[in-house]
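Subject: Handover of a protein structure

Dear colleague,

Please find below the structure that I am handing over to you. My notes on it follow directly after.

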Amino acid sequence: MLAVSHVTKNYGKVTACDDVTFTLGDGEVTILLGPNGAGKSTIMKSIIGFLKYQGVISVDGIDNKTPEARRILGFVPEMPSLYPNLTVYEHMEFLARAYKLKGYKDRINELLDTFELTDKRKKFGDELSKGMQQKLNLCMGLLPQPKVLMLDEPMIGLDPAAIKALKDIIMRMHEEGRTLLISTHIIDSVDMLWDRTLIMQKGALKIDITKQQLDERGESLEDLFFEITGGQGE
């Protein structure tokens, strides 16, 4: 479903991603781990088409830069980018119209209710707390129901109820056969959710391993992370 082939991204003399290659299948939940500066956000922004890079990226066999690919590829960035003069509901409606969604109002109401934003629907973007902004950020990413969804540090700033709601949605998307790529540094928060993990360090992909393979090795995800990164924390 998502294929990344020999992707390299340089910022001047700094190599943020160095010949990164991996493939994610239909319905897989993949966790992307790595210390700060490992290249996690860079590879995700390359996939979504925010950055220029060397290499090839395709979504369901379609070049990621095409409109066709962007209709089935979703992204929830680490930092919400909201419009200060749009209300919560207007953010959702603007996105629905941009994606030309049909029958979206019930879906909007469901997401706002799930993340306890219903009573904030008339609040402007700049009136929301950081936690509420992150909830709206998630709602906007989930609204189009993309076949492939990338989430960059999605649990940062969320309260326990919102974290549980997000985990439930991830499991439901998994059951529906959607592909997810989740970048996080909170390893224990995703320990039961993933099928595959990718660990990056200094721009390079160090390991691509399934949960079954890790279980066969008798290691925990946390042990593997510190083994690969040499004890370097997130």
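Glu28, Arg196 and Asp208 are joined to one another in a network of salt bridges. Please bear in mind that this is a predicted model, and that the values in this message were computed from it. Over the whole structure, a search finds 10 salt bridges. Three further pairs are described next.

The pair Glu116 and Lys135 meets through its side chains in a salt bridge, with 3.8 Å from N to O. This pair connects distant parts of the chain, since Glu116 sits in the loop between helix H4 (105-114) and H5, while Lys135 belongs to helix H5, 19 residues away. Glu116 has a relative accessibility of 47% and therefore counts as partly exposed. Lys135, in contrast, has a relative accessible area of 3%, so it is buried, the limit for that class being under 20%.

Which residues surround Lys135, apart from its neighbours within four places in sequence? Lys135 is in contact with Phe115, Glu116, Leu117, Leu158, Asp159 and Ala162. The helix that holds Lys135, H5, covers residues 130-142.

Ala161 is located in helix H6, which comprises residues 160-175. With a relative accessible area of 43%, Ala161 is partly exposed.

Within helix H3 (residues 88-98), Glu93 and Arg97 are four residues apart, which means that about one helical turn separates them. These two residues form a salt bridge in which the closest N and O atoms are 3.3 Å apart.

Glu176 counts as partly exposed because its relative accessibility is 46%. Arg178 is buried, with a relative accessible area of 18%.

I turn now to the protein as a whole. It contains eight helices and 10 strands. Its radius of gyration is 18 Å, close to the 17 Å that the globule rule gives for 234 residues, so the protein is as compact as a globular protein of that length. Along the principal axes, the C-alpha trace spans about 50 × 35 × 35 Å.

Of the 234 residues in the protein, 50% are buried. Where contacts join residues at least 6 apart in sequence, 66% of them link residues at least 24 apart. The accessible surface of the protein amounts to about 11,500 Å², and carbon and sulfur atoms account for 49% of that surface.

How many charged side chains does the protein have, positive and negative? There are 29 positive and 34 negative side chains, and the centres of these two sets are 8 Å apart.

With kind regards

Note on methods:
Residues are numbered from 1 along each chain as its sequence is written. This is a predicted model: local features need pLDDT of at least 70, side-chain atom pairs count only at pLDDT 80 or more; totals for chains, interfaces and linings use all residues. Side-chain values use heavy atoms; hydrogens and water are left out. Helices (H or I, at least four residues) and strands (E, at least two) are DSSP runs, numbered from the N terminus. The radius of gyration is taken over C-alpha atoms; the globule rule is 2.2 Å times the number of residues to the power 0.38. Buried means under 20% relative accessible area, exposed over 50%, partly exposed in between (1.4 Å probe, protein chains only). Contact means heavy atoms within 4.5 Å. Accessible areas come from the Shrake-Rupley method with a 1.4 Å probe; for residues, only the protein chains shown count as cover. Lys and Arg count as positive and Asp and Glu as negative; His and the chain ends are not counted. The place of a charge is taken as NZ of Lys, CZ of Arg, CG of Asp or CD of Glu. A salt bridge is a side-chain nitrogen of Lys or Arg within 4 Å of a carboxyl oxygen of Asp or Glu.
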